[in-house]
Amino acid sequence: MRTVYYQVDPVNPDRGVLAEAAQLLRQGGLVAFPTETVYGLGANGLDAQAVAGIFKAKGRPSDNPLILHIDTPDQLNNLAATIPASAQALIDKYWPGPLTVVVQRQPHVPNAVTCGLDTVAVRLPDSLIARELIRLAGVPVAAPSANTSGRPSPTTASDVESDLAGKIDAIIDAGPCAIGVESTVVDCTTPVPTLLRPGGITYEMLLAVLGEIEVDPALAGTLTAPRSPGMKYTHYAPVAPMFLIEAGQQSPALLLQREISKALAAGKAVGAIVSAEIANTLPPQVITAVYGPQEQTGVIAANLYTALRSFDNQAVDVIYAEGIAEQGLGLAVMNRLRKASGYRIIRE
Ligand code: TXA
Ligand code: MG
């Protein structure tokens, strides 16, 4: 399949180009598009066959449900059986934005989207390009991150290209994504809403609206294997094995230096994903990706997946990643780093 490549201005997009991409979606095609979080791989969310194409192109496990993207809040009424007060409060505050709510679904929402669950995940993105595309398509757009399953999510159109060129109908390039980690997923069907995936809307921001929120047990435990379906697969992984250094009694800086010295002494080619503060303390032969200054979690989130992908074409045998504090976007960053490491965590 030939993949059409559209370039658009993120602020003042060519409506004709977006209309052409929307037409592809209506015809059952697969179109990758930018959102404020990561690039998504879109299909008509009411067309089960088109949605099946997403799973095929990504190599996505068939039991991991998709998010439906809408362009006005009232469209949730066409998808949700009921809208719990918690969902309404979150939506009022954080839509459009990097927040996905899980609600009971209406019967017409395809099983292809929900993988047979009686709930559906819905999001109204802030990205102008995303909203215009959805508006022009005139249907809810099912869209997971536009990466090959298991790989780091794409934050640029060229990331999408390297994973999916030739497998999808089109890619809309509107430059890099501002937030860089995926939306926060909140299950609003439980008596107390449950955080399923930390993301662009922080835990602190959820608490401010809800007063109380449960955290899925799979997120709470750092060393326990994740339990719920869709969380059991490898995610975000670079090609070489990665170890995550977390702060414990010992500072991550000391642990990093020790582990890296051992690996170098064993003759290994070593990569490191670290803060700006740590970068210049490492031996020169270490191939280093800097994600930003330690305190700036927003910058780190925006650079995270590019840093993880930067080792794809480098001959490293092992990668060490420096953990950060779990405040603000730090919670989402640490969640992705833990998964990317396959829970190979060093903490003393
Ligand atoms: O920021 C984002 O959310 C991006 C952009 C493209 O919008 N999309 C994204 O989709 O990250 P994906 O498919 O990579 O992640 C969707 C997450 C998965 O963890 C999935 O298990 C969960 O949402 N999910 C979807 N439907 C669900 C449901 N009914 N119940 C619980 N979790 C659900
Ligand atoms: Mg994904």
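The model is a predicted one. An open sheet of 11 strands runs through the description below, a ligand is surrounded by 22 residues, and the structure holds 14 salt bridges.

**The sheet and a helix packed on it**

- The strands of the open sheet follow the order β1-β8-β2-β3-β7-β4-β6-β5-β9-β10-β11, and their pairing is mixed.
- At the edges of this sheet stand β1 (4-7) and β11 (214-215), each of which pairs on one side only.
- Within the sheet, strand β2 (residues 31-33) pairs with strand β3 (residues 40-44) in the antiparallel sense, over 3 bridges, and in this pairing Val 31 stands opposite Gly 42 in β3.
- Helix α3 (residues 85-94) packs on the sheet, where it touches β5 (99-104) and β9 (184-187), and the direction of the helix makes about 155° with that of β5.

**Around ligand 1**

- Of the 22 residues that surround ligand 1, the closest are Thr 37, Arg 60, Asn 64, His 69 and Ser 183.
- The side chain of Thr 37 has an N or O atom 2.7 Å from an oxygen atom of ligand 1, and for the side chain of Ser 145 the corresponding distance to an oxygen atom of the ligand is 3.1 Å.
- Arg 197 also takes part, with a polar side-chain atom that lies 2.9 Å from an oxygen atom of ligand 1.

**Salt bridges**

- Side chains of opposite charge can pair when their charged atoms come close.
- Asp 163 and Arg 309 meet through their side chains in a salt bridge, at 3.0 Å from N to O.
- The side chain of Glu 259 forms a salt bridge with that of Arg 258, at 2.9 Å from N to O, and another with that of Lys 262, at 3.5 Å from N to O.
- Glu 259 counts as buried because its relative accessibility is 9%, which falls under the 20% limit, whereas Arg 258 is partly exposed, with a relative accessible area of 33%.
- Lys 262 and Glu 259 both lie in helix α9 (residues 252-265), where they are 3 residues apart, or about one turn of the helix.
- Elsewhere, salt bridges that share partners join Arg 151, Asp 163, Arg 309 and Asp 312 into one network.

**Backbone details in loops**

- The peptide bond that leads from Trp 95 to Pro 96 is cis, with omega near -10°, and Pro 96 lies in the loop between α3 and β5.
- Cys 115 has a phi near 55°, which is a positive value in a residue other than glycine, and this cysteine is found in the loop between α4 (111-114) and β6 (119-123).
- With a relative accessibility of 26%, Cys 115 counts as partly exposed.
- Tyr 343 likewise has a positive phi, near 60°, in a residue other than glycine, and its place is in the loop between α12 (330-340) and β16 (345-346).

Terms used. Residues are numbered from 1 along each chain as its sequence is written. Chains are lettered from A and ligands numbered from 1 in the order in which they are written. This is a predicted model: local features need pLDDT of at least 70, side-chain atom pairs count only at pLDDT 80 or more; totals for chains, interfaces and linings use all residues. Side-chain values use heavy atoms; hydrogens and water are left out. A salt bridge is a side-chain nitrogen of Lys or Arg within 4 Å of a carboxyl oxygen of Asp or Glu. Buried means under 20% relative accessible area, exposed over 50%, partly exposed in between (1.4 Å probe, protein chains only). Helices (H or I, at least four residues) and strands (E, at least two) are DSSP runs, numbered from the N terminus. Two strands pair if DSSP finds at least two bridges between them. Contact means heavy atoms within 4.5 Å. Axes are lines fitted to C-alpha atoms, for helices over the stretch in contact, and angles run from 0 to 180 degrees between N-to-C directions. A residue is near a molecule or strand if one of its heavy atoms lies within 4 Å of it. A polar contact is a pair of N or O atoms within 3.5 Å; within protein, one must be able to donate a hydrogen and the other to accept it, and residues adjacent in sequence count only if both atoms are side-chain atoms.
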